[in-house]
Each structure stands twice: as C-alpha cells, then as structure tokens.
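Hello,

Here is the structure you will be working with. My notes on it follow below.

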Amino acid sequence: MIPFLDLERIHRPLEVEIMDSIKRVVESNRFILGEEVEQFEAEFARYCNTDYCVAVGSGLDALHLILRAYGIGVGDEVIVPSNTFIATALAVSYAGATPVFVEPNEFTYNINVSLVEAKITPKTKAIIPVHLYGQPADMEPLLDLANRYNLKIIEDAAQAHGAIYKGHKVGSLGDAAGFSFYPGKNLGAFGDGGAVCSNDEELITRLKMFRNYGSQYKYVHEKKGFNSRMDEIQAAVLRIKLKYLDAWNDQRRNIAEQYAKRLKDVDIIIPAVLPDTIPVWHLYVVRHQKRDALQQYLRRNGIETLIHYPIPIHMQLAYKECDYLKDSFYLTQSMADSILSLPMYPGLGMEEIETVVRAIRNFSE
Ligand SMILES: *Cc1c(COP(=O)(O)O)cnc(C)c1O
C-alpha cells in the first residue's frame, strides 16, 4: 500500500525534538501570544525574506485578515483563480467583497495572466494569485497590472512555502502573502495555523489588532476584531519543522523529477514548470482523459491518489450565485474532470515511485 500522504514518515525522526519543544510550552504555562509565536514570526519572516510575519489561526484567516486590514469589503471585487481551493474565494466573501474568477493556464495550472486585465473593473481592489500545487504563479505581469490599475497583490502561498520566482521567495513578491500550516502542507503544524508575511508596516500593525479582538493594548479595542491567533504549541512545532523545510522541499523536487522523467513518454499530461521558477511540489498533479478509471486502477494496485479539486468553486452550492459561469468556464471544468494528484511527500521511496510509474504505464498500454 502506498498512501497518498504519510505524516508518520515526516514526524518520526523528529519525535524527541518536537516532544521536547511541546513540553517546554506546557511547562511555561503560556499558551497564547508568547515567546514561541514571536520567535516563529521572526524566523518565518527571515525565511521568506520579508520584514514582518504575523502568525494567525489558519491560512483562510491569513487571507481574510489581509483583506480586512487593507479595508477591502462590501462593494469591492477581488480577482482569484477559478481552480483553487475554496478558501481563496471564501476569504474574499468573508471580507464582504466579491470574488471574480479567472481561468488557469492548462499546463502550469496557475492563473492565466493574459485573461486578468479584461476582468478588472472600477470596483477591483486586489488580485490574489495562488501558487497552486507549490508552483509560483507568473507574478511579473500581475505586478505590472497592479501598478497600472492601483491594485493590491495578495499572494495565496498556502501550498508554496519556500518556492522561488525569479530569485525571490514566494510570500515576498506582492503587497502581502497568506500562508497555511494545515498539517498536510509543506510546512505543517499539529493542528491549524497560518501566517501573513509582508513588508508593509502599517498593514502589519492593523493585522495584529485584527487577530486579537481589534486590540493593540490590552482591553483597549479600536476595531471590531477577530480571535485568530496561532497558539504557542503550534509555533513551537513549526519552529522545529522550519529547520527541515528546505531539505523536505529538495526531496519533493527529486520525486517530481523522477515522475517527470519516467512519465514523459506515457499518454498522460505532466505539469509544466514556468521558466526561472523553483517549485516546491506540494502536490504532483497529472491529467488523464480516463482519470476515474486510472484512479480506480491505481487503487486496486494499492496506490492512493486524490483529486485537487473535483468540483470548481463556481459549481459549488456554496457559490450558487456563480453557477451562470458554468458555460464559460469550460477549461476549469475539464481540468477538474481530468486531474489526479499522485503520492508526493518527503520519505516517499524510489521503489514506491517506480511502483506508481509502472502502474500508470500498465494502465496506459
Ligand atoms: C490550505 C489552503 C488554504 C487555507 O488554509 P487553511 O489553513 O486550511 O485555512 C488557502 N488556500 C489554499 C490554496 C490552500 O491550499
């Protein structure tokens, strides 16, 4: 059996180190907004090459609070990719603004930058490029549009900790970035967690208020804020895991290289990489016309795969007001119907990769 993701293999070698750090927090009796969170914020800002980092409760909250802190809300529009995880759009909806969807490039899976300008209206306030599956979105054309139309660029880096675009870490490319530390992400906590990275000092001050009941000074509330704070135990775990992130991302790149090399002559579409970028392969997503049959075949052969994501956001009941898009978002739908995520994680062995590849070959022949 080859599981889709096996966190055991990632955590087992760090068990002592991590348990010690959790014990340290328990013994300190300080569980919210203490030393660990402060240290993690400094370390993650340094990792992303930004001036600031604010740790929050989740990736969704990170994006939502950035929008709030920029004053984006009712009556405003925010451009998002149509093929992302629903959280990108929900962050916009939470803020009271309207997500405006743009279709992807079918080879990199990231937002098709040539379709963005046509979606800009006088109401547009921001673009949220998603570095989907760990591959940097094409930021330069988006930054150029943002300049010309005076828009904020808010990176959704929830799947791309450590990825590099033209020499710059993702999270440092736009006005602000949201990260997720959901356990399955490239850098994952032992529960929920998220962070905002930015060089914008004013934004960071407002964000710190918004995550903590709208308060900068205890029991003085300037805003009707939220409760969205990373807890000390998550921060302690993340501080340990951050030290290993680059080595893990290297392993993911090796696995991706193996998949690409061994699947290139098979009747299957493998992901294209944008020039001058270094992806971190949160997911390795291939496409096949007979996706459902392939997935079943792999399952029968003991290989677990998943689909990210089977139903586009505009086709979800939660966004039924967008269902009129179904006829014009043909590519988004056809990709949702053909994508398949192969096992991809640090610790996945060479023989296991070979087993996956052989099974896909057998199916295709
Ligand atoms: C995981 C994810 C989020 C949300 O992160 P949570 O921590 O689960 O709230 C947002 N955007 C994308 C692209 C994600 O993959």
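Lys 185 has a polar side-chain atom 3.1 Å from an oxygen atom of the ligand, which counts as a polar contact (a pair of N or O atoms within 3.5 Å; within protein, one must be able to donate a hydrogen and the other to accept it, and residues adjacent in sequence count only if both atoms are side-chain atoms). This is a predicted model, in which local features need pLDDT of at least 70 and side-chain atom pairs count only at pLDDT 80 or more, while totals for chains, interfaces and linings use all residues. Residues are numbered from 1 along each chain as its sequence is written, and side-chain values use heavy atoms, with hydrogens and water left out.

Two other side chains have such contacts. For Gln 159, a polar side-chain atom is 2.7 Å from an oxygen atom of the ligand. For Ser 180, an N or O atom of the side chain is 2.6 Å from a ligand oxygen. The protein buries 92% of the 380 Å² that the ligand exposes when taken alone (Shrake-Rupley method, 1.4 Å probe).

The ligand is surrounded by 14 residues, with Gly 59 and Asp 156 also among the closest; a residue counts if one of its heavy atoms lies within 4 Å of the ligand. This shell has five nonpolar, seven polar and two charged residues, where Asp, Glu, Lys and Arg count as charged and Gly is among the polar ones. Both α4 (59-69) and α5 (86-95) supply at least two shell residues each.

Overall, the protein has twelve helices and 14 strands (DSSP runs: H or I of at least four residues, E of at least two, numbered from the N terminus). Its radius of gyration is 20 Å, close to the 21 Å from the globule rule for 365 residues, so the protein is as compact as a globular protein of that length. The radius is taken over C-alpha atoms, and the rule is 2.2 Å times the number of residues to the power 0.38.

Lastly, the backbone. His 308 and Tyr 309 are joined by a cis peptide bond, with omega about 15°.

Regards
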